[in-house]
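This briefing covers selected local features of one protein model. Please keep the sequence and the 3D view open while reading.

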Amino acid sequence: MANVSVAAEWQLVYNRYYRKPEHYQMRWKHIDLSRNKVACAPFGGPIAVIRDESKIVQLYAESALRKLRIFNSAGVLISETVWKHPRGRLIGMSWSDNQTLVCIVRDGTVYRYNIHAEVIEPNVSMGPECFEDNVSECVFWGNGVVCVTDTNRYFCIADFKTMTVCELARPEEVKELPHCVAVIEPKYTLTGNVEVLIGVDTGILMLDEDGVQKVDDNLVQKMAVSPNGSFVACFTHDGRLVVNNMDFSNPVIDQTSESALPPEQLAWCGMDSILLYWDDMLLMVAPQAEPVRYFYDEPVFLIPECDGVRILSNTSMEFLQRVPSSTECIFTIGSTSPAALLYDALDHFDRRSAKADENLRLIRSSLPEAVEACIDAAGHEFDISRQRTLLRAASYGQAFCSNFQRDRIQEMSKTLRVLNAVRDPEIGIPLSIQQYKVLTAPVLIGRLINAHHHLLALRISEYLGMSQEVVIMHWACSKITASLAIPDATLLEILLDKLELCKCISYAAVAAHADKSGRRKLAAMLVEYEPRSSKQVPLLLSIGEEDTALVKATESGDTDLIYLVLFHIWQKRPALEFFGMIQAKPLACDLFTTYARCYMHEFLKNFFLSTGQLQEVAFLLWKESWELGKNPMASKGSPLHGPRIKLIEKARDLFSETKEHTFESKAAEEHAKLLRIQHELETSTKQAIFVDSSISDTIRTCIVLGNHRAAGRVKTEFKVSEKRWYWLKVFALATIRDWDALEKFSKEKRPPIGYRPFVEACIDADEKGEALKYIPKLADPREKAEAYARIGMAKEAADTASQAKDGELLGRLKLTFAQNAAASSIFDTLRDRLSFQGVS
């Protein structure tokens, strides 16, 4: 009998059954759909209602002010607000995919509201053309809209996320406004762009951004595109319902209607049938079937869903859908399917009838399929007692089925608990299981928290094993917004009690919302609990807690964060205050000075002066003088040398302020003196070869240029030692090959460096004859022997080495003359003689 009572409510359409269960008795009062504009969101979403100002209606006890009211699907009021947009009549409104209410008025302005009837800024315009020509009609789809102006121009917003307006091609030959408009969503077109079908006096035209194309000759008054974008249903001027594929080549349905008047609404019921609504009748048409009629004594509003149509009236919310195959095979009158027999077996089992065992034996081979059908049918049911019975039947059959997936019933039970929770009238989201699968659990949770059903969202997240962070975060932000009268300390305790439930919660994000809500003190208290410095420090800066931000960044050891804080404070605070803040923090101070040495010398000098680090200022001045020297203009007597010298002298004065930097002070003094002399030399010689060279190079260059007096002056000024002077002059004279001067210089007095540098200078210049003048003067026989060997005089080298009685030296010299057999024999003879004499 239960099967009979269930199936008795179904309607047979050809070989398919349809059912129309009632979801809710509407809880609103004094709402007449015929007097209002209505927008219903899909997936059991909210209902927006506002009085239709294009109709003359009688006002009863209500205010003359128009109110935008938002209800859930059970008619429970969520929010309301006074309509404050007098700039034009409301042309249309619809819910976007993310449940934003989009309203378009006659001048083309787009207003957006959230589910709490709060305006979302900024408002958007459809463009100056819509403002001038006025919008006459708008057609919405999931996340976009097409507007038609009074001058028959078409403007489109393809995505409400970007709110970018584009104009579609204009049908120039059509002067009148279209009879009807339908939109093919971008995801169903080959081009990926919006395509619009318009019914005009000459047939059906298709518009896109590139052009206009005629696709059919039928004169239509109403159109609706199928949910998958493959078919279009058209109601013609002669009262026929024609369903075509998108190329209009092969009609699937062509039926004559009972009325030539166009229906008020035309909608698809899934992919199997089409609904047409007139004043008091709802007609369902399907291929190869007689139409089914539903009569209403009140206005209704059709809400297409992916698996059916919700029917909203003044008093109820119904859902018209095709009966799922699993439900059909169980509850069809006279069904003998395995699932029906299993369901019947449970009934016999409950009545302790032996017929239960008989039914199980009949379907033993098909038991897994029967169990699966009962589980699936339970998922499609809205009646909780029937869900429970079907799941019990599945569990009963599973006990006799060893190879069935054991967690299938548990999964369905979880899904049904979630669906039953959100179907509660106070929540008012009557999702079917198919809609739930398309919508997904995360999106459902997002919609619950947007509607401020945080507790239910939290419990569902926990029940499904999903992250609770999003729910708790949204609750915390909403609590802050709604708790303006609660003191900060009290509110902090309330927030922490819940925020601590989630270990990975972002306290910084909650603190940012508190700051945005004008509760800066609460934000500062909350951010203290943020464990991640990368999130904590930027927020501290944004709420003006620079001191704390610097402490936290320094404690983290993250140089990028420290630099972020330093640059922020540097731009916000006076220089002296900035210096005082970083002076007590060594790491921050070191990082700042490292950066400033490269890019902010003047600012760094001010810092060092303010902190009494005069020697650091001196080093900076000295460095500046070197940088100035790199200027290409600082040559050939350039006046830039004057500032360089002054900088070095300033550095000297600063170094002299402290006893620890006596050496630096003296070095700076001598550097300035050397630069001055080099500058004078460049001026006199007109050669830019002196500045920034060393003292030794300056002396050598002077000698090479023949300016011995200048070389002597440099020697005297910088107290160059005699040994160093001799070395420099010997090699300088050898460089210019002034051998006479070199010989004369060697005879002025006994050279303090000996004669070896003279020999080496001549040999390096490949002047063996000149070297012979100095070799005999060498005092060390070993040096003399090696010098003879270097100029190729083997016999003299051998004789000198034998006088030194050094066998090892003879061996080394022999290797020098390895290619000369005669010379080698000389060295061998002398070494043998020394060996005989016992000299090693």
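Is C702 buried or exposed? At 1% relative accessibility, C702 counts as buried; buried means under 20% relative accessible area, exposed over 50%, and partly exposed in between, with a 1.4 Å probe and protein chains only. This is a predicted model, in which local features need pLDDT of at least 70 and side-chain atom pairs count only at pLDDT 80 or more, while totals for chains, interfaces and linings use all residues. Residues are numbered from 1 along each chain as its sequence is written, and side-chain values use heavy atoms, with hydrogens and water left out.

**Cysteines**

- Zero disulfides turn up in a search of the whole structure, a disulfide being a pair of cysteine sulfur atoms within 2.5 Å.
- For C180, the closest cysteine sulfur belongs to C234 and is 7.2 Å away, so it is too far for a bond.
- C180 is buried, at a relative accessible area of 5%.

- Strand 8 spans residues 90–95; helices (H or I, at least four residues) and strands (E, at least two) are DSSP runs, numbered from the N terminus.
- Six of the six residues of strand 8 are buried, and the strand is mostly covered.
- Strand 8 and strand 9 (residues 101–105) run antiparallel and are joined by five bridges; two strands pair if DSSP finds at least two bridges between them.
- M93 has C103 in strand 9 as its bridge partner.
- Five residues lie between the strands of this hairpin, where Q99 takes a positive phi near 60 degrees.

**Loops with backbone exceptions**

- A cis peptide bond runs from E121 to P122, with omega near -5 degrees.
- P122 sits in the loop between strand 10 (109–113) and strand 11 (124–125).
- N152 is not a glycine, yet its phi is positive, at about 65 degrees.
- The loop between strand 13 (144–149) and strand 14 (154–157) holds N152, and N152 is buried, with a relative accessible area of 2%.
- F248, also not a glycine, has a positive phi of about 55 degrees.
- F248 lies in the loop between strand 22 (240–245) and strand 23 (253–256), and counts as buried at 9% relative accessibility.

**Helix 31**

- Helix 31 covers residues 781–790, and its buried residues include A785, A787, Y788 and A789.
- G792 follows helix 31 and has a positive phi, near 85 degrees.
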